[in-house]
Amino acid sequence: YRSGVFSPTNLRIHAGDTVRFRNDSFFPIRVVSDPHPAHDGLAGFDSVGDIPQDSSVAFTFATTGTFGYHNEKSIDQVGTVIVR
């Protein structure tokens, strides 16, 4: 994550893969599952707290499907993980 953009915005992985969300911006972010405000698109997909600058959090995607996520601090900053 840098300058308000998750990169890549759309990521394809396999079930069981772990994705690391790294914050390379100046401000903290919080990564949560769509939809907003319920955040219940994928149970447990929530950084729980802020991810400060130069820090990261990892999440293992065990279930297949398409999962949207966003920065809770600015909900128009979004991404998608497609798990096969």
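Q: What counts as a pocket, and how is its volume taken?
A: On a 1 Å grid over the protein atoms alone, a pocket is an open set of points with protein on both sides within 12 Å along at least five of seven lines. Lining residues have an atom within 4 Å of a point. Grid points are joined across faces, edges and corners, and the volume is the space filled by probe spheres set on the points. In this predicted model, the largest pocket holds about 190 Å³.

Q: What are the ground rules for the numbers?
A: Residues are numbered from 1 along each chain as its sequence is written, and side-chain values use heavy atoms, without hydrogens or water. The model is predicted: local features need pLDDT of at least 70, side-chain atom pairs count only at pLDDT 80 or more, and totals for chains, interfaces and linings use all residues.

Q: Which residues line the largest pocket?
A: The lining has 14 residues, with Tyr1, Ser7, Pro8, Arg20 and Phe21 nearest the centre. Strand E2 (residues 18-23) contributes the most, 4 residues. Strands (E) are DSSP runs of at least two residues, numbered from the N terminus.

Q: How are aromatic pairs read?
A: A pair of aromatic rings is described by the distance of the centres and the angle of the planes. Rings of Phe, Tyr and Trp (its six-membered ring) pair if their centres lie within 6.5 Å; planes under 30 degrees apart are stacked, over 60 edge-to-face, the rest tilted. The count here is 9 aromatic pairs. Phe59 and Phe61 are edge-to-face, because their ring centres are 4.8 Å apart and their planes stand at 80°. One aromatic cluster takes in Tyr1, Phe6, Phe21, Phe45, Phe59, Phe61, Phe67 and Tyr69.

Q: Is Phe61 buried or exposed?
A: Buried means under 20% relative accessible area, exposed over 50%, partly exposed in between (1.4 Å probe, protein chains only). Phe61 is at 1%, so it is buried. Phe59, at 17%, is buried too.

Q: Where does Ser33 lie, and what does it touch?
A: Ser33 lies in strand E3 (residues 31-33). It is buried, at 1% relative accessible area. Contact means heavy atoms within 4.5 Å. Beyond four places in sequence, the contacts of Ser33 include Phe45, Gly68 and Tyr69. A polar atom of the Ser33 side chain lies 3.1 Å from the backbone nitrogen of Leu42.

Q: What about Gly41?
A: Gly41 sits in the loop between E3 and strand E4 (55-60). It is partly exposed, with a relative accessible area of 41%. Gly41 and Thr66 are 25 residues apart in sequence, with C-alpha atoms 9.3 Å apart.

Methods: A polar contact is a pair of N or O atoms within 3.5 Å; within protein, one must be able to donate a hydrogen and the other to accept it, and residues adjacent in sequence count only if both atoms are side-chain atoms. On a 1 Å grid over the protein atoms alone, a cavity is a set of points where a 1.4 Å probe fits but cannot get out, and a pocket is an open set with protein on both sides within 12 Å along at least five of seven lines; lining residues have an atom within 4 Å of a point.
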